[in-house]
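I opened a new structure today and kept notes as I went. Here is what I looked up, entry by entry.

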Amino acid sequence: MRVIPFLNHGITPFPIRIHEGVEAESNVSLMARISWKYRMHPSKFISDVVLQNNASHGIGLGRDVANFCNSLTATSVIVTNRLEAITGKKIFWPSSFVYLSNILDRMAHGFIAKEKKWCAQCYRESMAIKRPESEAKVADELYWSLAISQYCAKHLCSLSYCCGVCYQRQPFISNKYEPGFCHYCGTSLTKAPHIICDLDGHSKSEAESYLAKMDIFIPGATEISQFDLKILSRNLRGLVEKGGADGLYTLTECFGINNMTLKDWCSYKHGVSVESL
Ligand SMILES: [Zn+2]
Ligand SMILES: [Zn+2]
């Protein structure tokens, strides 16, 4: 793809609008919208333009792409920088989990979901907004790509993970249909099965308490600048002290972790693994 020389002359080859209705769009979602708008094969676009590794078969559009681009590795930083360069837009929201790299264990396994998840109600609202014909109708929140995400923070309904017609699970980016439509049968993903709070025997408070536990992953819930393992260690040591002789025991009970892990966190030895949150 011959877009790289343009960048060297300060020309932005892929301008794109900020997607109205989405709080913090993920890198993967942004790449899906760009490749749709400019009618490029997404895996070739990602390998040739974004990662510039010219992989002969492009990049896998399932879990691979989310692992590379939405997580907290160095590649996620590169991807964000490249997306800013090619779109000419400053990404001021967290588009990957890099903002948690000072606190989470970088080796955390199972951090990103194996398949795409989305909120069917967010998609419905997004599709109702009038946009230019060439623009994708939907975009994805970063926290939906987390393996432990279950609910939409806006609608408190469950996230969907399969098409409502063919019941197939979805890749993170489709190379056949536009974002928001089933990769296999083309049906709108607004029709995907999901559980609506207080209507389907599912309580709102259950969703709220689940979301409260994972608020560090949801933008707007907490100040991003406060995520630092040093601060966490200091706070934990303070709590242990306040608990007196039983302090350590009480905290391990509260967190559901063992003594050694808590001691490691207190002594700032290693990051927090997602499984332990
Ligand atoms: Zn929603
Ligand atoms: Zn389908």
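**Ground rules.** I take helices (H or I, at least four residues) and strands (E, at least two) as DSSP runs, numbered from the N terminus. The model is predicted, so I note that local features need pLDDT of at least 70, that side-chain atom pairs count only at pLDDT 80 or more, and that totals for chains, interfaces and linings use all residues. Residues are numbered from 1 along each chain as its sequence is written, while chains are lettered from A and ligands numbered from 1 in the order in which they are written.

**Overall make-up.** I counted ten helices and zero strands in the protein. Along the sequence the pattern reads α-α-α-α-α-α-α-α-α-α. Next I looked up burial. I call a residue buried if 20 or more other C-beta atoms lie within 10 Å of its own, exposed if 12 or fewer, and partly exposed in between, with C-beta atoms placed from the backbone. Of the 277 residues, 36% count as buried. For contacts, I require two C-beta atoms, placed from the backbone, to lie within 7 Å. Among contacts with a separation of 6 or more, 67% join residues 24 or more positions apart.

**The core.** A nonpolar core here is a set of buried Ala, Val, Leu, Ile, Met, Phe, Trp, Tyr and Cys residues joined through C-beta atoms within 7 Å. In soluble globular proteins, nonpolar side chains tend to be buried together. How many residues does the largest nonpolar core have? I found 53. Val-28, Met-31, Val-65, Cys-119, Cys-152 and Leu-189 have the most contacts inside this core. At least two core residues come from each of helix 2 (27–37), helix 3 (42–50), helix 4 (63–69), helix 5 (74–87) and helix 6 (120–128). Helix 2 gives the largest share, six residues. Apart from this core lies another, of five residues, including Leu-72, Tyr-99, Leu-100 and Leu-104. I then followed Cys-119. Leaving aside neighbours within four places in sequence, Cys-119 is in contact with Cys-152, His-155, Cys-157 and Leu-159.

**Helix 2.** I checked this helix residue by residue. Ten of its eleven residues are buried, so helix 2 is largely enclosed by the rest of the structure. The buried residues are Asn-27, Val-28, Ser-29, Leu-30, Met-31, Ala-32, Arg-33, Ile-34, Ser-35 and Trp-36. They pack against helix 3, helix 4 and helix 5.

**Helix 2 against helix 3.** I used axes that are lines fitted to C-alpha atoms, for helices over the stretch in contact, with angles from 0 to 180 degrees between N-to-C directions. The two helices pack at an angle of about 105 degrees, with their axes 10 Å apart. Helix 2 and helix 3 are therefore roughly perpendicular to each other. On my scale, angles under 35 degrees count as roughly parallel, over 145 as roughly antiparallel, 65 to 115 as roughly perpendicular and the rest as oblique. Met-31, Ala-32 and Ser-35 of helix 2 meet Pro-42, Phe-45, Ile-46 and Val-50 of helix 3.

**Just after helix 2.** Arg-39 takes a positive phi of about 50 degrees. Arg-39 sits in the loop between helix 2 and helix 3. With 8 other C-beta atoms within 10 Å, Arg-39 is exposed. Arg-39 and Ser-134 are 95 residues apart in sequence, and their C-alpha atoms are 9.4 Å apart in space.

**Helix 6.** Ala-120, Cys-122, Tyr-123 and Ser-126 are buried here. Seen down the axis of helix 6, the buried residues fall within an arc of 155 degrees, so they line one face of the helix. That arc is taken from the directions from the helix axis to the C-beta atoms.

Leu-156 has a positive phi of about 60 degrees although it is not a glycine. Is Leu-156 buried or exposed? With 22 C-beta neighbours inside 10 Å, Leu-156 counts as buried. Tyr-167 is found in the loop too. Tyr-167 has a positive phi of about 60 degrees and is not a glycine. Tyr-167 counts as exposed, with 12 C-beta neighbours inside 10 Å.

Val-138 also has its place in this loop. Val-138 counts as buried, with 26 C-beta neighbours inside 10 Å. Which residues does Val-138 touch, not counting those up to four places away in sequence? I listed Tyr-123, Ser-126, Met-127, Pro-179 and Gly-180. Val-138 and Glu-178 are 40 residues apart in sequence and 9.1 Å apart in space, C-alpha to C-alpha.
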